Amino acid sequence: MVLVKKMAIDESTPLLENPQAKTKTPLPKIQLGLTLFVLFSQPMSSQYIFPFINQLIRELGVTGGDDRKIGYYAGGIESLFFVTQALTALYWSRLSDYVGRKPILLVGLAGLSISNMCFGLSRVFWALVASRCIAGALNGNVGVMKSVIGEITDATNMAGAFALIPIVFTFGASIAPLFGGALVKPHEHWPKLFSGSFWVQYPYFLPSLVSASFTAFSFLITALFLKESLPSKRRGKGPQPEIGAQVGTPSNENASPVPIRTLLKTYSVMIPIANHGTLGLVDIGLFALVPLFYATPVEVGGLGLPPFTIGLIMTAYGTCNGLFQMLFTARAIERYGEKRVFCSAVLAFLPIIATFPTMSWIIRTQKQVGLAIWVLVVVQLLSWVVVSMAYAVIFVFVTKAAPNKYSLGTMNGLSQTTTSIARAMGPATFTSLFAFSKEYNLLGGNLVYVVLLLLLCLLVFLSRRLPELKKDKQ
């Protein structure tokens with residue numbers, strides 16, 4: 001029998017996975033809180049543009065006055081962040097396995113802050129493209145922060161910690177569209193405070209400035225207070241635990257990162273990554289379609305809502321989502337298990353997809369946004385709340401699939417790269433397909449929803465291939 005020495009545990013020390021321990025380890029509140037605060041800067045930087053990006057594209061005149069083509073350009077702008085992130089995320093995460101998590105986080109935060117400032121000062125289409133590319137290329141933070149959480153938790157509290165990530169993202173997704181929609185064209189809303197010609201020339205700078213300032217503050221917090229979590233870079237390092245690899249996962253006897261090619265050939269590694277990527281593709285596709293559908297004129301089959309109303313809707317969704325995840329996700333995982341929760345959550349995509357053509361049919365009949373439309377909007381967003389549970393679960397599967405702590409950054413890098421590719425394809429593909437469906441009236445303008453339904457079937461199939469995580473291993 002192998003005897004495991006007891007280690008002194010602080011908030012930056014990874015906890016040993018002891019099969020004999022039955023009590024749940026308390027979460028490392030300070031370091032976890034700091035990590036989640038930094039993570040909050042991601043949706044604050046990436047999603048504040050959603051309420052006004054369609055209006056911005058229209059005002060730039062790149063569509064030649066044809067509103068049906070807005071989806072092509074808006075989808076491209078929304079995708080650029082994830083395209084460049086997909087090209088660099090694995091390298092940042094892999095690098096963090098060697099130099100540490102904290103330096104990579106600081107580089108990413110600095111890149112986000114600079115790019116957001118550039119976005120607000122852009123008045124031509126190519127400048128918008130350049131700023132979003134900078135943001136994605138310098139930012140590999142999401143995968144690195146998941147590695148941090150995996151290193152400061154153990155098997156007894158890991159699910160509870162990862163359950164907080166969707167809360168942070170949904171809270172950020174509610175705050176970002178709110179100030180993104182409310183702060184555009186401040187010279188029109190608050191002429192006494194913003195009366196200069198600068199605000200007329202750069203009407204979208206204020207929300208960009210708010211986002212950049214928050215990211216800069218996150219940079220300062222990270223530099224001063226966040227501790228390094230990489231085992232080989234921690235102070236006072238001792239014997240390091242392994243992640244509790246699944247059956248079929250390559251082991252690492254030399255306590256160093258497993259080669260990427262080995263991970264890519266391992267079934268137990270690629271199944272959770274494939275699920276994460278497909279989940280991200282469907283989710284980001286819908287997230288890009290929602291504001292586009294809400295903003296599209298009634299004559300074309302949309303709801304014709306203004307940016308501020310769209311921001312309020314997304315804020316209400318984010319608030320409900322955050323409360324739901326906080327109250328029910330961890331409990332559901334503990335009671336029903338990771339796989340059952342994930343398989344059930346992804347099925348909630350079905351009513352989300354179904355409400356789009358239903359609302360289009362109603363709006364063509366009634367020619368206005370009435371009670372029936374608002375009921376369907378509520379049904380759509382409540383279903384989305386259930387879907388968000390899937391993210392907390394898939395993070396656990398990805399972490400459990402890592403062969404050891406030294407390969408955790410690479411594992412999260414592979415997962416983040418796959419998701420970034422999916423998220424890069426999603427906005428451009430589905431908003432363009434939305435515009436294409438409406439322009440040529442394919443399947444009554446509903447072709448995009450049929451494609452989403454087919455992808456959902458693939459996700460349901462992949463979800464059934466996830467392994468059962470036994471309670472005795474947790």
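**Close-up views of a predicted model**

View 1. With a relative accessible area of 1%, glutamine 325 is buried, since the term applies under 20%. Its side chain is joined to the side chain of threonine 329 by a polar contact of 2.4 Å, and the side chain of glutamine 325 also reaches the backbone oxygen of valine 385 at 2.8 Å. When residues up to four places away in sequence are not counted, glutamine 325 touches Ala163, Pro166, Ile167, Ala330, Val385, Ser388 and Met389.

**View 2. Phenylalanine 40 and phenylalanine 214 among the aromatic pairs.** A search of the whole structure finds 24 aromatic pairs. One of them is formed by phenylalanine 40 and phenylalanine 214, whose rings are 5.2 Å apart, centre to centre, with 75 degrees between the planes, an edge-to-face arrangement. This pair links distant parts of the chain, for phenylalanine 40 lies in the loop between helix H1 (29-39) and helix H2 (41-46), whereas phenylalanine 214 belongs to helix H12 (residues 205-225), 174 residues apart. Both phenylalanine 40 and phenylalanine 214 are buried.

**View 3. Phenylalanine 324 and phenylalanine 328 in helix H15.** The ring centres of phenylalanine 324 and phenylalanine 328 are 5.1 Å apart and the planes stand at 45 degrees, so the pair is tilted. Because the two residues are four apart in helix H15, about one helical turn separates phenylalanine 324 from phenylalanine 328. Phenylalanine 324 counts as partly exposed at 23% relative accessibility, and phenylalanine 328 is likewise partly exposed, with a relative accessible area of 42%.

**View 4. A ring cluster, and a charge over a ring.** Trp190, Phe194, Phe198, Trp199, Tyr202 and Phe205 are linked into a cluster by ring pairs. In a separate detail, the charged end of arginine 132 sits over the ring of phenylalanine 119, at 6.0 Å from the centre of that ring.

**View 5. Glycine 304 in a loop.** Glycine 304 lies in the loop between helix H14 (267-295) and helix H15 (307-336), and its relative accessibility of 41% makes this residue partly exposed. Although glycine 304 and tyrosine 294 are 10 residues apart in sequence, their C-alpha atoms are 5.9 Å apart in space. Neighbours within four places in sequence left aside, glycine 304 is in contact with Tyr294, Ala295, Thr296, Pro297 and Val298.

Note on methods. Residues numbered from 1 in each chain as written. Predicted model: local features only at pLDDT ≥ 70, side-chain atom pairs only at ≥ 80, totals over all residues. Heavy atoms only, no water. Buried < 20%, exposed > 50% of the residue type's maximum accessible area, 1.4 Å probe, protein only. Contact = heavy atoms within 4.5 Å. Phe/Tyr/Trp six-rings, centres within 6.5 Å; stacked < 30°, edge-to-face > 60°. Lys NZ or Arg CZ within 6 Å of the ring centre and 35° of its normal. Polar contact = N/O pair within 3.5 Å; in protein donor to acceptor, adjacent residues only side chain to side chain.
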